[in-house]
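Please open the model in your viewer and keep the sequence panel beside it. Each stop below tells you what to select and then what you will find there.

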Amino acid sequence: MNRRSHFQRLLLLAASTTVIAGGAVFPSSAMAATAAPHTATVTTAASDHDAHRQHGSPASAKQWVETTDAVSGIKFRLPGKPEVVHFTQAVDGMNGRLYKVRTDNGVIVFAVFDLPSAQGELDDALRGLVDGYNAGTQSPQHKLSSTDVHKITAHGRPGLDARLSAPDGAAGSARLIAGDAHFIEIISLSPKGKEEPMHETYQQLLASVRNPHTHATRAD
């Protein structure tokens, strides 16, 4: 396989894993990934400082947990202790870690792939993400499409932002960032009626990201 096919396959696996992560929220979409990823737990530090305690707020039922991706050193906060999926060069064609949390409002995913200089593959990555998710759906009503796609600069690196939506009312957001040494993928998905609180959770996650290899967080 060449580098691009490796990359596209890993994005397909990540998208399939996202379907599994959302199984409790999107039961008619859940499926087994095309290749079984390697799951593991992660050591995290819980913090109440940023957790909203108001009724109905994104983190009302869980503590926000600071998590560090050990390989890249990237730090971020998630609304609960994540389950971690590991991808390996030997099995999946590339090394990477995917951190996923299910909440009452949907599912949120933060993934780091050890892939340098992927700037030219951002559009392919978004297509791979959507296609991988849709490969696991059982009805056209659950198939995602990406809209409002626009280029950004995040952490001083090129990226893409996109909105995700399905005919059944499911909605979400995706941010893809091509770093010098790592490719970052951030996804949120929620069922109809849960879009607003899940989007707030997603925005809190974006604001929490600290990448030691780049400048201060910003998105243009």
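The tour goes from the whole chain to its nonpolar cores and then to its aromatic rings.

Before selecting anything, note that this is a predicted model, in which local features need pLDDT of at least 70 and side-chain atom pairs count only at pLDDT 80 or more, while totals for chains, interfaces and linings use all residues. Residues are numbered from 1 along each chain as its sequence is written, and side-chain values use heavy atoms, with hydrogens and water left out.

Next, select Leu126, Leu144, Leu164, Phe183 and Leu189, which touch the most other members of the largest nonpolar core, a group of 27 residues. A nonpolar core is a set of buried Ala, Val, Leu, Ile, Met, Phe, Trp, Tyr and Cys residues joined through side-chain atoms within 4.5 Å. Among the elements that each supply at least two residues of this core are β5 (83–87), β7 (106–113) and α3 (122–134), and the largest share, six residues, comes from α3. Now select Phe76, Tyr99, Met198 and Tyr202, which are included in a second, separate core of 19 residues.

Which aromatic pairs can be found in the whole structure? A search finds three, where rings of Phe, Tyr and Trp (its six-membered ring) pair if their centres lie within 6.5 Å, and planes under 30 degrees apart count as stacked, over 60 as edge-to-face and the rest as tilted. Select Phe76 and Phe110, whose ring centres are 3.8 Å apart with planes at 15°, so this pair is stacked. Phe76 lies in strand β4 (residues 75–78) and Phe110 in strand β7, so the pair ties together parts 34 residues apart in sequence.

Because Phe87 lies in strand β5 and Phe113 in strand β7, the pair ties together parts 26 residues apart in sequence, and Phe87 and Phe113 are both buried.

Definitions and conventions. Buried < 20%, exposed > 50% of the residue type's maximum accessible area, 1.4 Å probe, protein only. Helix = DSSP H or I, 4+ residues; strand = E, 2+ residues; numbered from the N terminus.
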